[in-house]
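Please examine the structure shown below.

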Amino acid sequence: MDKASALKQYFGHDSFRPGQERLVDGILSGRDVLGIMPTGGGKSLCYQVPALLLPGLTLVISPLISLMKDQVAALTAAGVPAAFFNSSQTLEEYRETWNGIRNRAYRLVYVAPERLENPRFVQLMGSQDVSLLAVDEAHCISQWGQDFRPSYLKIADFAAALGRRPIMAAFTATATARVQEDIVARLDLQRPVRVVTGFDRPNLFFDVQRPKDKTSALLSLIAQRPGKSGIVYCATRNAVERVWTALNGHGIPAARYHAGLPEEERRANQDDFQFDRRTVMVATNAFGMGIDKSNVSFVIHYNMPKNLESYYQEAGRAGRDGEAADCILLYSPGDAATARYLIDHSADDADLDPQTRDALRRMELDRLAVMTDYCKTDRCLRGA
């Protein structure tokens, strides 16, 4: 089987999207790669196609349960043997996956970065032929990125502990030049094939509105899109609860998602949204990284995000099927104060030294200023 046959047989595509083939070719030739591609640009295919052609196992480092679950389900449905390790599994499911890996039953296995610190898991992977180590949402490795996760810093050490170094592939939708260099350095990528595609997606319409009453405006926007699937992002859990209650009170079948909900409810709500039993998902930014739902026709931000990178990533979950979709931000001056509070009270940087913590805070405030300017500009939002 060659790359074109794999693309057609397992994913139903006759050709690659821009940038994909260069990355696939790079991996198949044994090169490390770095792919910076927009949300919905098809990053996952860049490691899934090689996984079917390389001789050993492809291990995918993924930060969220939602991505693992969606992608493994899609791969399994396409006839690709794939599995994941995460905290949502029962003991029986965990053992089944473990034994499947030992018996070399899978082509792809998805794991959270924290799993790489488990000595038993490192030993298990050391007994396997890991051909490719794919790092999704690779910007999480950089403290200068918007989603820094210290657990990502262990990836290079894990790769080195495998005995034979696998091909390394890193992918993200958002990375400044500084973050890109951080990814290359911290993952120890060797002369990577680097592909940075354009970020513009013509099917997305961007709009900023400044309503006096956000809830009324939101209800009106959703009423104008009957039966359409969409995501409403809120800055805090309390805002999610208020908006979710208001939507359901007006007969809109909405689900909710934030870190304060039990795991079982989050999973059930995600399934309801994924399979269109609930047309609207009201969520914090805990929902959606890597979410694989193509028919999201609108993303509405009830509150302004902390930075433009996060907004682009979250808004980009609309229109992944290529159809026209709307990205609408409901802005009020109080949003900046909320965002500043979240920056000042972030727990993510608790382990950093005071100097680094202060530098990161200043950077976050600079990003907030850019985000606020975006909301206030009278210029074209696509070029803002």
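Q: Which residues have the most contacts inside the largest nonpolar core?
A: This is a predicted model, in which local features need pLDDT of at least 70 and side-chain atom pairs count only at pLDDT 80 or more, while totals for chains, interfaces and linings use all residues. Residues are numbered from 1 along each chain as its sequence is written, and side-chain values use heavy atoms, with hydrogens and water left out. A nonpolar core is a set of buried (under 20% relative accessible area, 1.4 Å probe, protein chains only) Ala, Val, Leu, Ile, Met, Phe, Trp, Tyr and Cys residues joined through side-chain atoms within 4.5 Å. The largest has 39 residues, and those with the most contacts inside it are Leu59, Phe121, Met125, Ile155, Ile183 and Leu187.

Q: How many residues has the other core, which includes Cys46 and Val195?
A: This core lies apart from the largest one. Among its members are Cys46, Leu67, Val80 and Val195, and its size is 33 residues.

Q: Which residue in β12 is the bridge partner of Val232?
A: Strands β9 and β12 pair in the parallel sense over 5 bridges. In β12, the partner of Val232 is Ile300.

Q: Which residues of helix α12 are buried?
A: Helix α12 (a DSSP run of H or I, at least four residues) spans residues 308-315. Its buried residues are Ser310, Tyr311, Gln313, Glu314 and Ala315.

Conventions: Buried < 20%, exposed > 50% of the residue type's maximum accessible area, 1.4 Å probe, protein only. Helix = DSSP H or I, 4+ residues; strand = E, 2+ residues; numbered from the N terminus. Pairing = 2+ DSSP bridges.
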